[in-house]
Amino acid sequence: MKTSYNLRSIAAKAISQVLDQGQSLSAVLPGLQKNISDKDRALLQELCFGTLRVLPQLEWCLQQLMAKPLTGKQRTLHYLLMVGIYQLLHTRIPPHAVLAETVDGAVALKRPQLKGLINGVLRQFQRQQDDLIQRMDNTDSRYLHPSWLLNRIKKAYPEQWPQIVEANNQRPPMWLRVNRLHHSRAQYLALLQQAGIEAVAHPSYTDALRLVSPSPVNALPGFADGWVTVQDASAQGSVDLLDPKDGEMILDLCCAPGGKTTHILEVAPKAHVLAVDVDKQRLTRVHENLQRLKLNAEVKQGDGREPQAWAGDRQFDKILLDAPCSATGVIRRHPDIKWLRRDSDITELAALQCEILEAIWPRLKSGGVMVYATCSILPEENSEQIMTFLKAHPEAMLAETGDLTIPGRQNLPHAEDGDGFYYAKLIKSA
């Protein structure tokens, strides 16, 4: 059935907002998905995420096929061509449908005079596809990463970098966190089995299950009733390490969207949790997650560098600092990170993390525990950050997460495991 909208043109607009305006795909997509069918929402997501995942491949191909790129007011048509080539290379959509819908996208973008160009470039790509891909595989474009990031990963992981890059370029696995207030993990595994959903338990993280094939959340037993949450396994590990207890005063800093806040309360429902984030808009998600899971936390907007403004003189038994970071460990979930981040961001983020650490450490009680966590794989934000902190704070002791030569634990993304994630558990001596 013919729709009143052209999905390829919508995808091209979304990619333009990411690449030309610096907006994240997760911020852009919801608005663009409002007036389209559920089936088309999934396809739009696939076209946008997929195109951004393999962007250098598509850009390289277009450079070979066109004398000069489309620029200025025609730039969105350049992204439309990328969406077209992505479909021909990476989806099962019949080529005739790809060409027809993508060419129609030029009309939807009010550039009907460029229909012939779109059609010509896509047909030329079809004829030369095998040769183009073979040639591209001899260039650095095959790694699908910006050169600055590729160089940083190579430097940090001289032996493991090919596996890290490969994992970043895959679709992410779907992990669940079982709400232990309702079921044990073994009990929920049985419920999934009854529903015909295959899953496996994580060997290290208490509540984590990986679905063998991703599933819509409304197919998960008891999702609406809070029995389970979609959350990556590595992110769950930070609360395992924090080990919250009933009656403790716990700070979850940089808490949005609330996955770790709610996990703390599932483990210790009688803890008093203060959840703080600087982003007012993202705090809406924290409230939504608490509401679905029927849990209670004190939620405040605030800057981690200025605890007096939101905590007064309060001290905490435990602090989870999920520090703002480059998010280089979650690229497979958010491929736009590769194109939104800049090399200079890493130094700036490391400086911000240091400021927050210094500001918040005095709020931890003697004998208290702080877990510093990031979803980054870069040492500047992780082990180097903690090494510097430990040198400046003799009262801070590293516990359970490595030795002082490379403090903390660094998870790297792997095809069937959790995302790239870093943890350091610190105890403040009395």
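1. Which strand order does the open sheet of four strands have? The order is S2-S3-S1-S4, with antiparallel pairing. Strands here are DSSP runs (E) of at least two residues, and helices are runs (H or I) of at least four, numbered from the N terminus. Two strands pair if DSSP finds at least two bridges between them.

2. A word on the basis. This is a predicted model: local features need pLDDT of at least 70, side-chain atom pairs count only at pLDDT 80 or more, and totals for chains, interfaces and linings use all residues. Residues are numbered from 1 along each chain as its sequence is written, and side-chain values use heavy atoms, with hydrogens and water left out.

3. Axes are lines fitted to C-alpha atoms, for helices over the stretch in contact, and angles run from 0 to 180 degrees between N-to-C directions.

4. S1 (residues 174-178) pairs with S3 (residues 208-211) in the antiparallel sense, over four bridges. Trp 175 stands opposite Arg 210 in S3. Helix H12 packs on the sheet and touches S1 and S4. The direction of H12 makes about 35° with that of S1. Contact means heavy atoms within 4.5 Å.

5. Lys 260 lies in H12 (residues 259-267). Is Lys 260 buried or exposed? Lys 260 is buried, because its relative accessible area is 12%. The classes are buried under 20%, exposed over 50% and partly exposed in between (1.4 Å probe, protein chains only). Beyond its neighbours within four places in sequence, Lys 260 contacts residues including Gln 231, Asp 252, Asp 322 and Phe 421.

6. Asp 322 sits in strand S8 (residues 316-322). Asp 322 also counts as buried, at 14% relative accessibility. Residues up to four places away in sequence aside, Asp 322 touches Leu 253, Cys 254, Lys 260, Ala 373, Thr 374 and Phe 421.

7. An unreviewed UniProt entry lists residues for "binding site", among them Cys 254, Lys 260 and Asp 322. Such annotations may be inferred rather than shown by experiment.

8. Elsewhere, the axes of H1 (residues 7-19) and H5 (residues 75-90) come within 8 Å and cross at roughly 115°. The contact includes Ile 15 and Leu 19 of H1 and Tyr 79 and Leu 80 of H5.
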